[in-house]
Amino acid sequence: MTVVVIGILAAMAFANYQRTIERGHWQTARDLLQTIYSGEIVYWTANNRYCQTAPLAAPCTAWTDIYMDNPNGTLPVTFTVVVDNAAIPPTFTATATRNGGLCDTKIQTVNQARTFGGDWPQWQGPNRDAVFV
């Protein structure tokens, strides 16, 4: 009986641990999207256009062009920026895509209007249950 109770408690603790990990990745990705947004606005102010970072790298050549280090590789999240300087008004969308874990392939976005979107308000687990609230 004691082993069963310990097993149940361990399963609950592991689930809470996984949700805490996802919450941390989500918040860090959100913070980095805010940094990308700020860098794009500063770049716009100086160059009258937004900066497209790698892989397309036109007109920019690196993340440093928007005054930040490359965020890829620091988290299990991939960051991209898609720019349309030909649009009226010009636009950009920065995307953070979760790689692995309970929220694999879930995304967060921010655009030039500082509108956050994607799979928020919750990155969701495989059962479409909220990983965290």
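**Basis of the values**

- Residues are numbered from 1 along each chain as its sequence is written, and side-chain values use heavy atoms, with hydrogens and water left out.
- Because the model is predicted, local features need pLDDT of at least 70 and side-chain atom pairs count only at pLDDT 80 or more, whereas totals for chains, interfaces and linings use all residues.

**Chain overview**

- The chain contains 1 helix and 4 strands, where helices (H or I, at least four residues) and strands (E, at least two) are DSSP runs numbered from the N terminus.
- Along the sequence, these elements follow the pattern α-β-β-β-β.
- Of the 133 residues in the chain, 32% are buried; buried means under 20% relative accessible area, exposed over 50%, and partly exposed in between (1.4 Å probe, protein chains only).
- Among contacts (heavy atoms within 4.5 Å) between residues at least 6 apart in sequence, 44% join residues at least 24 apart.
- The chain exposes about 7,500 Å², of which carbon and sulfur atoms supply 60%; accessible areas come from the Shrake-Rupley method with a 1.4 Å probe, and for residues only the protein chains shown count as cover.

**Confidence**

- The mean pLDDT of the chain is 80, and 77% of its residues reach 70 or more; pLDDT is the predictor's confidence in each residue, from 0 to 100.
- Over residues 124-133 the pLDDT is below 50, and this stretch has 21 contacts in the model beyond near neighbours in sequence.

**Salt bridge**

- The structure holds 1 salt bridge, defined as a side-chain nitrogen of Lys or Arg within 4 Å of a carboxyl oxygen of Asp or Glu.
- Glutamate 22 pairs with arginine 98 in this salt bridge, and the closest N and O atoms are 2.7 Å apart.
- Because glutamate 22 lies in helix H1 and arginine 98 in strand S2, the pair ties together parts that are 76 residues apart in sequence.
- Both partners are buried: glutamate 22 has a relative accessible area of 2%, and arginine 98 has 4% relative accessibility.

**Aromatic pairs**

- The whole structure has 3 aromatic pairs; rings of Phe, Tyr and Trp (its six-membered ring) pair if their centres lie within 6.5 Å, and planes under 30 degrees apart count as stacked, over 60 as edge-to-face and the rest as tilted.
- Tyrosine 37 and phenylalanine 92 form a tilted pair, 6.3 Å centre to centre with 40° between the planes.
- This pair links distant parts of the chain, with tyrosine 37 in helix H1 and phenylalanine 92 in strand S2, 55 residues apart.
- Tyrosine 37 is buried at 15% relative accessibility, and phenylalanine 92 is buried with a relative accessible area of 0%.
- Ring pairs join Tyr37, Trp44, Tyr50 and Phe92 into a cluster.

**Threonine 95**

- Threonine 95 belongs to strand S2 and counts as buried at 17% relative accessibility.
- Apart from neighbours within four places in sequence, threonine 95 contacts Leu33, Thr78, Phe79, Thr80, Ile107, Gln108 and Thr109.
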